[in-house]
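Subject: Structure handover

Hello,

Here is the structure I promised to pass on. My notes follow below it.

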Amino acid sequence: MKEKLSIVKIGGNVIENKTELAKFLTFFSQLKGAKILVHGGGKLATQLASKLGIESQMVNGRRVTDAKSLEIITMVYGGLTNKNIVASLQANGTNAIGLSGADGNVIQAHKRPVKEVDFGFVGDIDGINADFLNTLITSGVTPVFCALSHDGEGNILNTNADTIASEVAIGMSKLYNTTLYYSFEKKGVLMRIEDEDSVVKHIDSNKYKELLEQKIIADGMLPKLENCFHALQNNVGKVCLGNIEMIQPNASLFTTITL
Ligand SMILES: Nc1ncnc2c1ncn2[C@@H]1O[C@H](COP(=O)(O)OP(=O)(O)O)[C@@H](O)[C@H]1O
Ligand SMILES: CC(=O)N[C@@H](CCC(=O)OP(=O)(O)O)C(=O)O
């Protein structure tokens, strides 16, 4: 039987909140077995860009990434956010290594072709270097990904962190029994966004259709759930959505997704 591997993604709202981030990193360090962390950080990039007089444009939840935005996100995602998280994990006794997609050629991508929208330096993922990641994991090192991929021709590309998490989980599924966790500031997919405890505990393909029709799934939750089903359709064993408590051994209130 394949060994278990947990791939955990944390969103911008958790990263922004110092207390929540510190709590999450403690929980992540306590998580047993092989693991990978993927972090976003879009909000911080938008704030920094604004301070520098650069406007951020989002289309369908994706950042239109021009040359100036690319410089900022490379500094924020690959530098400030990634290195602070890695340092905190070290303080928690987890030997973490921060990676962009270019490091160890771990995420190969190509620039998204221009259709209705020119997203600029946004990367669509072609492949994951699963064998290299496996070498790190079996050496006791925990990979920590930021939202950067590369095109193999010297260019860094911006790739949504939810997509990085699902593609890493898919790529690692040939070697491991994978579980993908999307951790964000809510307890899961909520029936009523204003009611923190209205968690839909289980979503399968039929329930997903129903929730879409009822417009209960909206905004950032739309691409997130697309990523969940894409992962399950491509050999990822299990997908869960919830707040930072979800990765604790006694967690009970979160959303599990199945096909
Ligand atoms: N039914 C729903 N349940 C929970 N969150 C929802 C729902 N519909 C929309 N959302 C929104 O989706 C957001 C999460 O998406 P996003 O901001 O992209 O996450 P992340 O912080 O992981 O990048 C939540 O903050 C919430 O406002
Ligand atoms: C292409 C694209 O949109 N990339 C995202 C990457 C960061 C991210 O995904 O951060 P969260 O998970 O915190 O939203 C962006 O630049 O906002």
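How far does a polar side-chain atom of K9 lie from an oxygen atom of ligand 2? The distance is 2.6 Å.

First, some ground rules. This is a predicted model, in which local features need pLDDT of at least 70 and side-chain atom pairs count only at pLDDT 80 or more, while totals for chains, interfaces and linings use all residues. Residues are numbered from 1 along each chain as its sequence is written, chains are lettered from A and ligands numbered from 1 in the order in which they are written, and side-chain values use heavy atoms, with hydrogens and water left out.

Ligand 2
Around ligand 2 there are 17 residues (a heavy atom within 4 Å). K9, R63, Y77, N158 and A161 come nearest. Backbone atoms take part in polar contacts too (N or O pairs within 3.5 Å). A polar backbone atom of G12 is 3.0 Å from a ligand 2 oxygen. For a backbone N or O atom of G42, the distance to an oxygen of ligand 2 is 3.2 Å. On its own, ligand 2 has 430 Å² of accessible area (Shrake-Rupley method, 1.4 Å probe). The protein covers 89% of that.

Ligand 1
Ligand 1 has 14 residues around it. The closest are E185, L190, I216, A218 and K224. For a polar side-chain atom of E185, the distance to a ligand 1 oxygen is 2.4 Å. A polar backbone atom of I216 lies 2.8 Å from a nitrogen of ligand 1. Alone, ligand 1 exposes 570 Å², and the protein buries 81% of it.

A helix pair
Helix α6 spans residues 161-172, and helix α8 spans residues 221-233. Their axes (lines fitted to C-alpha atoms over the stretch in contact) come within 9 Å. They cross at roughly 5 degrees, so α6 is roughly parallel to α8 (under 35 degrees).

Best wishes

Terms used. Axes fitted to C-alpha atoms, helices over the stretch in contact; angles between N-to-C directions. Helix = DSSP H or I, 4+ residues; strand = E, 2+ residues; numbered from the N terminus. Parallel < 35°, antiparallel > 145°, perpendicular 65-115°, else oblique. Polar contact = N/O pair within 3.5 Å; in protein donor to acceptor, adjacent residues only side chain to side chain.
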